[in-house]
Protein chains: 6
Amino acid sequence: MKILIANPNTSTGVTDRLVASARLVASAGTELIPMTAPRGVPYIATRAEAAIGSAVMLEMLAEKRGTFDAAICAAFGDPGLGGARELFDFPIVGMAEAAMLVACTLGRSFAIVSFAKALEPWFAEIVAWHGLSGRCAAIRMLDSQFTNINAVADEMEQLLVDLANKTVSDHGADVVILAGAPLAGLATKLRDRVPVPLVDGIQAAVTMAEGLVRLNPRKATVGTYRRPGPKDSTGLSKALADVIGHKDA
Amino acid sequence: MKILIANPNTSTGVTDRLVASARLVASAGTELIPMTAPRGVPYIATRAEAAIGSAVMLEMLAEKRGTFDAAICAAFGDPGLGGARELFDFPIVGMAEAAMLVACTLGRSFAIVSFAKALEPWFAEIVAWHGLSGRCAAIRMLDSQFTNINAVADEMEQLLVDLANKTVSDHGADVVILAGAPLAGLATKLRDRVPVPLVDGIQAAVTMAEGLVRLNPRKATVGTYRRPGPKDSTGLSKALADVIGHKDA
Amino acid sequence: MKILIANPNTSTGVTDRLVASARLVASAGTELIPMTAPRGVPYIATRAEAAIGSAVMLEMLAEKRGTFDAAICAAFGDPGLGGARELFDFPIVGMAEAAMLVACTLGRSFAIVSFAKALEPWFAEIVAWHGLSGRCAAIRMLDSQFTNINAVADEMEQLLVDLANKTVSDHGADVVILAGAPLAGLATKLRDRVPVPLVDGIQAAVTMAEGLVRLNPRKATVGTYRRPGPKDSTGLSKALADVIGHKDA
Amino acid sequence: MKILIANPNTSTGVTDRLVASARLVASAGTELIPMTAPRGVPYIATRAEAAIGSAVMLEMLAEKRGTFDAAICAAFGDPGLGGARELFDFPIVGMAEAAMLVACTLGRSFAIVSFAKALEPWFAEIVAWHGLSGRCAAIRMLDSQFTNINAVADEMEQLLVDLANKTVSDHGADVVILAGAPLAGLATKLRDRVPVPLVDGIQAAVTMAEGLVRLNPRKATVGTYRRPGPKDSTGLSKALADVIGHKDA
Amino acid sequence: MKILIANPNTSTGVTDRLVASARLVASAGTELIPMTAPRGVPYIATRAEAAIGSAVMLEMLAEKRGTFDAAICAAFGDPGLGGARELFDFPIVGMAEAAMLVACTLGRSFAIVSFAKALEPWFAEIVAWHGLSGRCAAIRMLDSQFTNINAVADEMEQLLVDLANKTVSDHGADVVILAGAPLAGLATKLRDRVPVPLVDGIQAAVTMAEGLVRLNPRKATVGTYRRPGPKDSTGLSKALADVIGHKDA
Amino acid sequence: MKILIANPNTSTGVTDRLVASARLVASAGTELIPMTAPRGVPYIATRAEAAIGSAVMLEMLAEKRGTFDAAICAAFGDPGLGGARELFDFPIVGMAEAAMLVACTLGRSFAIVSFAKALEPWFAEIVAWHGLSGRCAAIRMLDSQFTNINAVADEMEQLLVDLANKTVSDHGADVVILAGAPLAGLATKLRDRVPVPLVDGIQAAVTMAEGLVRLNPRKATVGTYRRPGPKDSTGLSKALADVIGHKDA
């Protein structure tokens, strides 16, 4: 099966990390199709950037539709996920969503740990949007500066281990999610340095996306994720305008 | 004082209705500055359209910044509101937000009534985002077709009265919000046909925006609405890219 | 328009502070009518005192009814607010209510800071009553003794700045409400000494009361704030007994 | 042991019903001391009346203090309960509180059924204040007129049975609380006409009050129910002023 | 009246402590019938052990049914309580349940303090199951080793006092529950060493069980605690199989 | 990889259905190992039966440990799941848990539909235990009698379709979970007769179990799912006693 990894950040280095981490857990027959945002910011970290990234995510998915079996919304705050589920009929999972749902099978509570203070409010809102605040013990970010988004996982490795351990001891987290696309792969590497399970968003997302393809759920024709009726639009990418206008048959 | 009414829908007829309704309650010295989205859809009704509208809202505010004292995010689901509060230093209120906060001073619970089924999930999510689900008795939409977004308030007047009354009798709503920019002005007109207070989003927003200008709060430099650090971007409108890149001095 | 500032505390010095602070933000055409409780305690700080103050508030409003366009329940815990909304047909806002609703437009979460430990449980209950606990990051009080309720704002200025800053750094408050009638005016004075917006309850209440007068909502005839039927009573103030007995035409 | 039944309604007929019902379950050695409100309304049914009743309840308890081992706040919405727990050192339980706590031991969810529509908002608020909304399946009131508060239990017996049964079938209530002082005694009478346990507030309160006397808990000297420091007051009943001013030794 | 104290732990020393503590508050005419689990672990401390203990509790109650008026599920996490309420028609209260319900009448919030870290997750789940998390300020356990489950109350007395005081000062607990059957009796002993009321689970349970016997509620025939229809089973104790199979007449 | 399907019901027919349904979605290399409860009831439907089944589940897992890579707790209410996560170091997922987590990726809200009224309270409690009540639109059961637990899926097919459709139209469910082991396989068969995605618990569980094996999380050594210390026990199955006593190396 083919799974699109749609990275709404413009950094191809981040896309590379995502794919490399995903490969470690993907099934033998799964092909991973990477895609990097053509516009936006190198790394989404705020609600303003997520708003922009949400629109870009819809454009990306419209552009590639028909070439894959399931898609992953590959930024931790799941930008555009709700809208994508309305517009499209393929399964799609968010990285935050998958990480949290997998974490729920490993502990009573999870912590979300990442590298930049700016991410905290956005992450808190996505946890609430998914209705999982009751399972979230803490959201904790490093407060350091980093030099390069592609190298942040290496630069801050020990600080992240320390912070993860702190969420376990201070907040009673049963599981720690190492969140944010630039940290893809780190959970595997640090497995023995934190005394509870670590979850990597892209890895969780790949296993859930594979599962969804096998479960083969139908597209809803009623309810909140039914496809909206056709609508005219102005100034959108052609692919997205076609989907919104039902000219995508 | 000058208040920007930023309508993220592309329909100028809707903008006209918003301004006309706002004028009924604005103070003598308040100038209302209308603005209509340059791209997007005529009327935002779904999460996908709201994702697009959120990005457009940020572009609109970036474009006009410096020409007003406060802004209104003039669509009921408040697209882009959180991001706008990060990027900009002027007060901004959402129409859903203002309607609900005013409703809270008039009753223990409010209902949200509008004209299109498609709006329901989006509205439910914005109520939750504002942390006000506990005050919301019901969200109820008509399930009829309309012929013209600019005329929907007139076409469906009696149906909306009936539906508003039903939320009062069946769900115990103490207040009814007539939601959605195309219904601007209707609350004033229907005041005596529903036995509880009716709230009009744009009117509520104008009074709260005026209040905020007079209260003159400082811009946060810490916390979730501090301005993010400067960031490079690709492919955004020049005005928005300048704000994001701190080139807007 | 005329706005009654009904102070349920017996201290006229507190009333003076409230009016002085309110004047800083009231519109040009707004007349503020001060009223001080004829019985009760100098400063309400506990649930027992709030119970007494609630009954006194109803007597005060009954006494002055017909002489103003809107009223402010001018103690932070909003004593008597729910009952007042049943009995009377003018708009009324609570100081706690207005402060919190305005704070909601300025940040994701607010802290409530005040000068006396005894206030904490009462304030916590009023936040919950308004359904806003989910937006409240912290309620923190000084634990010092003060010499004079009218001078407490000056005596404790620096301690309050420190405590406000602490709620920002420790609890992530996006906004700080300086709560309690004796602190009226302090938010304006301390604006630059805390890195997030400060909210003053009486100022927030005045802007919301003015807005409500302009919105001109109808009195509910059904729902939880409809007027109760006439009832006999024993031993109440004549004005209140007349309102309860529907002898107030 | 001696238990004060403090009825904050001015109707002595209601007090008589309360005592008669309480006697059915009180232990052999328990003496019930009835007390009827000297001022207020014959039957508290609204938030305004509860505000008045709360202050009266504090006066009543101050008046009789020292003559009993525990007190019952004998109106279903528990007027003045929080304040009473601050001021006094004897155990006190509310009728709503006791009914709900006992109901929690008999089912997963309880319904509250009573005779007057006006009671609903007040009852909903007291359920929330006790933190028990999650256990409350429904609050349902008759919408009929009654001729005499002392006879309402008899007049409406069959309607109340029907309504109780409806909360079981429609809302899945595991237990039904027949709420309101004028219905005291009815649960015993109707025991076999509803297929789930019925709870009578005054009976529940008597058993809990007896239990508290036997458990003999200490008065808190810290926390939200510690006694407030002494305070001057104006215009209160002498007994209550003495308690507030610590002149009650 | 006769009250069964069903201890699902296999330690008879713990049963002895429970009975001794219960005697201090039981009414003169109350006979306490002790029963110790015939299989399981000496002291239930984890969810796995509670799962085993829940099944054993049902066997114990089935075995002794008909010989008492009410039963107490005498371990703090109330193992088997929900199932017991389905199967049997006598009143039954859990020790955690009774402790928390009584605590609710003594403060706005309670803390749960006990002697073994392992108990924390189980206790947190039982608080949530009872719908009382909103009243629970903290759950705090000692992290020490103890030598003898029957002597743990004596060994750790001072540490428990210190921890109880810490929940008061750090978490604002209004009441402290000394939880766990091995601590039975300690609340009485330590009454003056913590500045808020202490609650002992078995004592609270005895007073509530006595109250329930006097209230004499009917067995539900509909709702979630109605008795399930007869069912065949394999490999269960004869007494329990008879109850499940309706062969217990 | 090898996945244990541990059915805590004693009916082998149900086990057969579970395995047949699971095979439809299991990966090529996955071996499914069926296991049926050696004692208990043919089909767990109540809290009492779930209490028994929880203990049996632990015995079953102890018995087979070492022969598989992951286990499925194969009854919809997940009996024994929490305890199993403490005792064992292999991944284990519950059928209710997996169904709900997968449903979360397909809609904003899910309904749970099953065949027997008795299941409702148990299912409601497991939804709450997983912290997912906020995502659950409704739990609805048929109220019919069935003749044979192994044939219930066929007998009631049309009634279940009708009920599923009703949860969509009346409660706005975006996804419907056909719950209960005896309904395994039905979601696949009925895919086109309900307009939203249907989820089958065992199929969801198999995909999640496979994912967990590939993610290879470590066993927690701290937190709520760390393994408890060794403990003596009396009267348990040898396998389980060995695990509890740490004699299972």
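Helices (H or I, at least four residues) and strands (E, at least two) are DSSP runs, numbered from the N terminus. Just after the helix α5(D), G131(D) takes a positive phi of about 70 degrees. This is a predicted model, in which local features need pLDDT of at least 70 and side-chain atom pairs count only at pLDDT 80 or more, while totals for chains, interfaces and linings use all residues. Residues are numbered from 1 along each chain as its sequence is written, and chains are lettered from A and ligands numbered from 1 in the order in which they are written.

Within α5 (residues 119–129) of chain D, the buried residues are L119(D), P121(D), W122(D), F123(D), I126(D), V127(D) and W129(D); buried here stands for 20 or more other C-beta atoms within 10 Å of a residue's own, with C-beta atoms placed from the backbone. Their cover includes α2 (47–64), α4 (95–104), β5 (110–114) and β6 (136–141) of chain D.

| Helix pair | Axis distance | Angle |
|---|---|---|
| α1(F) and α9(F) | within 8 Å | roughly 55 degrees |
| α4(F) and α9(F) | 7 Å | about 85 degrees |

Angles under 35 degrees count as roughly parallel, over 145 as roughly antiparallel, 65 to 115 as roughly perpendicular and the rest as oblique. The helices α1(F) and α9(F) are therefore oblique to each other, whereas α4(F) is roughly perpendicular to α9(F). On the α1(F) side, L18(F), S21(F) and A22(F) make the contact with I202(F), Q203(F) and V206(F) of α9(F), two residues being in contact if their C-beta atoms, placed from the backbone, lie within 7 Å. In the other packing, M95(F), A96(F), A98(F), A99(F), L101(F) and V102(F) of α4(F) meet G201(F), I202(F), A204(F), A205(F) and M208(F) of α9(F).

Chain A is divided by its domain assignment into domain 1 (2–94 + 205–244) and domain 2 (97–201), with bounds that come from an automatic or database assignment. Their C-alpha centres lie 22 Å apart, and 26 residues of domain 1 of chain A are in contact with 21 residues of domain 2 of chain A. On the domain 1 side of this boundary, α1(A) gives the most, with six residues.

How values were computed
Axes are lines fitted to C-alpha atoms, for helices over the stretch in contact, and angles run from 0 to 180 degrees between N-to-C directions. A residue is buried if 20 or more other C-beta atoms lie within 10 Å of its own, exposed if 12 or fewer, and partly exposed in between; C-beta atoms are placed from the backbone.
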